[in-house]
There are 2 protein chains.
Amino acid sequence: MTSVYLGLVHYPVYNRNMEVVTSSVTNFDIHDIARTCNTYAIKNYFIIHPSTNQQEIINEILNYWNVGYGKECNPDRNQALSIVKLVNDITECVSNIQKETGQLPIIMTTDARTYSNTISYKLAREELLVQEQPILLLFGTGWGMQDSVMQAFDYILEPIYGVGEYNHLCVRSAVAIILDRLLGSPWWK
Amino acid sequence: MTSVYLGLVHYPVYNRNMEVVTSSVTNFDIHDIARTCNTYAIKNYFIIHPSTNQQEIINEILNYWNVGYGKECNPDRNQALSIVKLVNDITECVSNIQKETGQLPIIMTTDARTYSNTISYKLAREELLVQEQPILLLFGTGWGMQDSVMQAFDYILEPIYGVGEYNHLCVRSAVAIILDRLLGSPWWK
């Protein structure tokens, strides 16, 4: 099985008025997603944020759990957060993976719309996750990543269909569902 | 398909020292789980909390989104939170469902351990979710629900196996994965 990496993108994303913005970091995005990533053996969880002020906040949280009191009082949380890396942008994220693995990653993301390169979970699981090239799964915050950036990615995972019309999962829940579909034990067999 | 309800239990649960306590409410538990519940057409999401002080906080949050400014500024969030009900204990939760449906619900929960009444997701999906009796899915906060309470439930869903040893998903992610396994579209076919 290949190495899978995950990135959470804070720029360039849309706000509710479909303007391109930099979103603020959310503490629960750091913790919840790191715990899910550890459950599914993700190699690194990249928090992608260009703003120096926000990077300081992120580093303070990571330091508390990776070298501070948090490490001592909750080793499980320390384990979860030890795979988190902070980078400025998607390019830096990709070059980290290239340095680590010697290969450029296949980049996949998800969206509520379908595209010409939309791929099903079944196909992604059966064909992409069993080959050699590393995979980078990118998730957008806010109202999703800017269209022009999305178009440069290799695959778009199909939308998560639940029951009915409501489709406003938070990114933390979307990550959990998607990692379980791609990497979880085949419970349906 | 049957009616499915979900409850988040704050008492009686264990703390990290395996003492039985009442856990505090977490704002993200209210929002994230309500959004996931709406995605999978859960009838009601019950927040189960016995403490008057904590109930005041929960009601303040729900009112902001259900009748206050939140309703106006984010109708999707209002829709998500409109299915949330606050009850004192599991008994009150069950009697709410009985009043609504005329039947006692089948109670299922999840645990990191396996029991004599542990059921697979495949069996739960194929046999329980297609019959008439309503289903109540209960999730514990903290370090999980007290053993003696667990023993009174009809079924325990098998643990979520990811990849490797780490098994410390947050309850928000566990809810997302479990609802997708039980109620999501059959993406693996």
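I started with strand E1 (residues 4–9) of chain B, which pairs in the parallel sense with strand E4 (residues 45–48) of chain B over four bridges. Pairing needs at least two DSSP bridges between two strands. Helices (H or I, at least four residues) and strands (E, at least two) are DSSP runs, numbered from the N terminus. I found Leu6(B) opposite Tyr45(B) in E4(B).

This is a predicted model: local features need pLDDT of at least 70, side-chain atom pairs count only at pLDDT 80 or more, and totals for chains, interfaces and linings use all residues. Residues are numbered from 1 along each chain as its sequence is written, and chains are lettered from A and ligands numbered from 1 in the order written.

Next I traced the open sheet of chain B: seven strands, order E5-E4-E1-E8-E6-E9-E7, parallel pairing. Strands E5 (84–87) and E7 (118–119) of chain B each have a single partner strand, so one side of each lacks a neighbour in the sheet.

Then I turned to the chain contact. I noted 34 residues of chain B in contact with 34 residues of chain A (contact: C-beta atoms, placed from the backbone, within 7 Å). H8(B) gives the largest share of chain B's side, seven residues.

Last, I checked the helix pair. The axes of H8 (residues 171–183) of chain A and H8 (residues 171–183) of chain B come within 8 Å and cross at roughly 50°. Axes are lines fitted to C-alpha atoms, for helices over the stretch in contact, with angles from 0 to 180 degrees between N-to-C directions. The contact includes Ala176(A) and Ile177(A) of H8(A), and Ala176(B) and Ile177(B) of H8(B).

Key. Contact = placed C-beta atoms within 7 Å.
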